[in-house]
Amino acid sequence: LPLGAVQIKLLTIGNSFSQDAVENYLYDLVSANGDTIIIGNMYIGGCSLERHYHNSKTNSSDYSYRKIANGELSKTEGYSLKEAFQNEKWDYISFQQVSQHSGMPETYFPYIDSLIVYARKHTDNSGLKILLHATWAYAQDSKHSGFANYGNDQLTMFQTIVNAVQLVADRVGADFIVPAGTAIQNGRTSSLGDSFCRDGFHLELTYGRYTAACVWFEKLFRVSAIGSKYFPETITPFQAKIAQYAAHYACRNPLTITSLANYKE
């Protein structure tokens with residue numbers, strides 16, 4: 001590693017929302033900053049904390065283990081949580097709730113406490129840090145059945161997720177929260193509008209996913225996403241700027257929406 005360069009090993013225990021956030025542009029953002037990252041994502045579509053918990057108890061190998069090292073994504077099917085925890089000396093392990101329950105604190109317990117104990121037991125790093133990934137509210141016109149949990153209202157969903165994740169982080173002693181949902185909500189105040197989801201709940205594939213990746217980059221490396229030398233060629237410089245500012249303001253003010261309405265093309 002070059003002098004001053006940082007290497008981080010991150011494992012996310014998640015579902016398609018962790019896939020949206022960390023599998024696409026995070027490696028390139030880190031690389032452009034002169035640092036390196038190994039990213040593992042333990043993936044089951046639509047997986048809740050309760051299911052992750054049961055998987056830990058039964059040593060289930062239902063996961064697809066997605067690993068990005070040296071910029072290459074490999075996928076190993078039939079993987080267990082224990083295998084993933086032991087695969088690298090992880091610096092950070094992140095947990096998140098399934099999207100329709102993410103604003104409901106009671107759905108996190110007792111599962112997350114047990115999962116954290118299990119992660120610490122099987123990870124070879126006494127300095128392991130535990131993160132919570134605060135995910136985004138659905139698009140206002142989302143047809144997701146779980147949107148009813150929030151009165152089919154985006155701002156209600158946003159605020160309840162922020163509050164729930166904050167409460168859970170305090171209770172479990174998480175090292176920090178990755179406020180991806182706040183970044184997406186910030187982005188929605190810009191002229192890009194409510195276009196950050198591709199199907200009402202998963203992120204738009206280019207600037208949507210890039211916005212989330214910028215938050216992860218800034219939180220992990222403590223470097224402002226604003227002015228990053230990397231953005232995907234599929235987005236415009238303006239979209240990149242909105243994504244970077246949305247992410248940066250989310251990291252600075254994770255509990256509230258920062259308007260980007262004044263940012264023009």
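Visitor: Leaving aside its neighbours within four places in sequence, with which residues is Thr258 in contact?

Guide: Contact means heavy atoms within 4.5 Å. By that rule, Thr258 is in contact with Asn186, Thr189, Tyr249 and Asn253. Before going further, please note that this is a predicted model, in which local features need pLDDT of at least 70 and side-chain atom pairs count only at pLDDT 80 or more, while totals for chains, interfaces and linings use all residues. Residues are numbered from 1 along each chain as its sequence is written, and side-chain values use heavy atoms, with hydrogens and water left out.

Visitor: Where is the place of Thr258, and is Thr258 buried or exposed?

Guide: Helices (H or I, at least four residues) and strands (E, at least two) are DSSP runs, numbered from the N terminus. In those terms, Thr258 belongs to the segment after α9. For accessibility, buried means under 20% relative accessible area, exposed over 50%, and partly exposed in between, with a 1.4 Å probe and protein chains only. Thr258 has a relative accessible area of 17% and is therefore buried.

Visitor: How many residues has helix α9, and what span does it reach?

Guide: The expected span of a helix is 1.5 Å times one less than its number of residues. Helix α9, residues 237-252, has 16 residues and reaches 22 Å from its first C-alpha to its last, close to the 22 Å expected.

Visitor: How many disulfides does a search of the whole structure find?

Guide: A disulfide is a pair of cysteine sulfur atoms within 2.5 Å. The search of the whole structure finds 0. For Cys197, the nearest cysteine sulfur is that of Cys214, 16 Å away. For Cys214, the nearest cysteine sulfur is that of Cys251, 9.3 Å away. Cys197 counts as buried because its relative accessibility is 12%, and Cys214 is buried as well, with a relative accessible area of 0%.

Visitor: Which backbone angles deserve attention?

Guide: Most residues other than glycine have a negative phi, and most peptide bonds are trans. Here, the peptide bond from Phe109 to Pro110 is cis, with omega near 0°. Pro110 is found in the loop between β5 (92-95) and α5 (111-122). Asn70 has a positive phi, near 55°, and sits in the loop between β3 (63-69) and β4 (72-79). The phi of Asn152 is near 50°, also a positive value, and Asn152 lies in the loop between β6 (129-133) and α6 (154-172). With a relative accessible area of 69%, Asn70 is exposed, whereas Asn152, at 40%, is partly exposed.

Visitor: How much space lies in the largest pocket, and which residues are the closest to its centre?

Guide: On a 1 Å grid over the protein atoms alone, a cavity is a set of points where a 1.4 Å probe fits but cannot get out, and a pocket is an open set with protein on both sides within 12 Å along at least five of seven lines; lining residues have an atom within 4 Å of a point. Grid points are joined across faces, edges and corners, and a volume is the space filled by probe spheres set on the points. The largest pocket holds about 180 Å³ of space. Of its 15 lining residues, Gln166, Ile177, Pro179, Pro254 and Leu255 are the closest to its centre. The largest share of the lining, 5 residues, comes from α6.

Visitor: How many cavities of 30 Å³ or more does a search find, and which residues line the largest?

Guide: The search finds 1. Its lining consists of Ala134, Thr135, Phe158, Ile161, Val162, Gly181 and Thr182, and α6 gives the most, with 3 residues.

Visitor: What does Val162 touch, not counting residues up to four places away in sequence?

Guide: Val162 touches Thr182, Pro254 and Leu255. Val162 and Leu255 are 93 residues apart in sequence and 6.2 Å apart in space, C-alpha to C-alpha. Val162 is found in helix α6 and, at 9% relative accessibility, counts as buried.
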